[in-house]
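Visitor: I would like to understand how the words used for a structure follow from its values. Could you take me through a few of them, step by step?

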Amino acid sequence: MATKVYIVYYSMYGHVEKLAEEIKKGASSVEGVEAKLWQVPETLPEEVLAKMSAPPKSDVPIITPHELAEADGLIFGFPTRFGMMAAQFKAFLDATGGLWRMQQLAGKPAGIFFSTGSQGGGQETTALTAITQLVHHGMIFVPIGYTFGAGMFDMENVKGGSPYGAGTFAGDGSRCPTKLELEQAFHQGKYFAIIAKKLKGSA
């Protein structure tokens, strides 16, 4: 049986989605791993999104809370709002009470990736505050640490991400994830998938 890795994200302007796509490529590069992209539901009405100049959502399927239990490993991605995960993703996690009651996510590995508007916008606080969600479900947090190697120490380029997970800076919204940020996302997907596969194999 393949190890199922679900990459579950919310993306308003596409920055998190670009990272998610690379994470999926990285996870899929591991033999015996089946990676799938999912979006969480939008909570803002269309007229508000239009005023915020948000582009239309992609055709990546919308996940329901109970579908999380199908995965052997979960990687969650979201933009930052004032140093914490966006409300859309928090609303989705707030709907996982039934899974918590039955302990259906306990023991599953979980990773995190993120996008912020600026260098001081929460590349670490967003991850730190998101970990509380994993803890209450009894999930096993899998950070990338410094396994990305030299890319973690690049001082010549502006680079998102941290030992907690891959990341990017959106700036005013026009900045796209850089080659280095996408490489880190690919690395996270591959690294996470290897660990998820090992954990499933030892169960």
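Guide: Let us begin with K57, which in this predicted model is partly exposed, with a relative accessible area of 33%.

Visitor: What makes K57 partly exposed?

Guide: Buried means under 20% relative accessible area and exposed means over 50%, and K57, with 33%, is therefore partly exposed. E42 also counts as partly exposed, because its relative accessibility is 25%.

Visitor: Why is the contact of E42 with K57 called a salt bridge?

Guide: The term asks for a side-chain nitrogen of Lys or Arg within 4 Å of a carboxyl oxygen of Asp or Glu, and the closest N and O atoms of E42 and K57 are 2.9 Å apart. E42 lies in the loop between strand 2 and helix 2, while K57 lies in the loop between helix 2 and strand 3, so the pair ties together parts that are 15 residues apart in sequence. A search of the whole structure finds six salt bridges, and this pair is one of them.

Visitor: What makes K179 exposed?

Guide: K179 has a relative accessible area of 65%, and since exposed means over 50%, the word applies to K179. E183, with 35%, is partly exposed. E183 forms a salt bridge with K179, the closest N and O atoms being 2.6 Å apart, and both lie in helix 6, four residues apart.

Visitor: How do you know that the span of helix 6 agrees with what a helix should have?

Guide: At 1.5 Å a residue, the 24 residues of helix 6 should span 34 Å, and the end C-alpha atoms are 35 Å apart, which agrees.

Visitor: Which elements do the buried residues of helix 1 pack against?

Guide: Those residues pack against several elements, including strand 1, strand 2 and helix 6.

Conventions: Residues are numbered from 1 along each chain as its sequence is written. This is a predicted model: local features need pLDDT of at least 70, side-chain atom pairs count only at pLDDT 80 or more; totals for chains, interfaces and linings use all residues. Side-chain values use heavy atoms; hydrogens and water are left out. Helices (H or I, at least four residues) and strands (E, at least two) are DSSP runs, numbered from the N terminus. The expected span of a helix is 1.5 Å times one less than its number of residues. Contact means heavy atoms within 4.5 Å. Buried means under 20% relative accessible area, exposed over 50%, partly exposed in between (1.4 Å probe, protein chains only).
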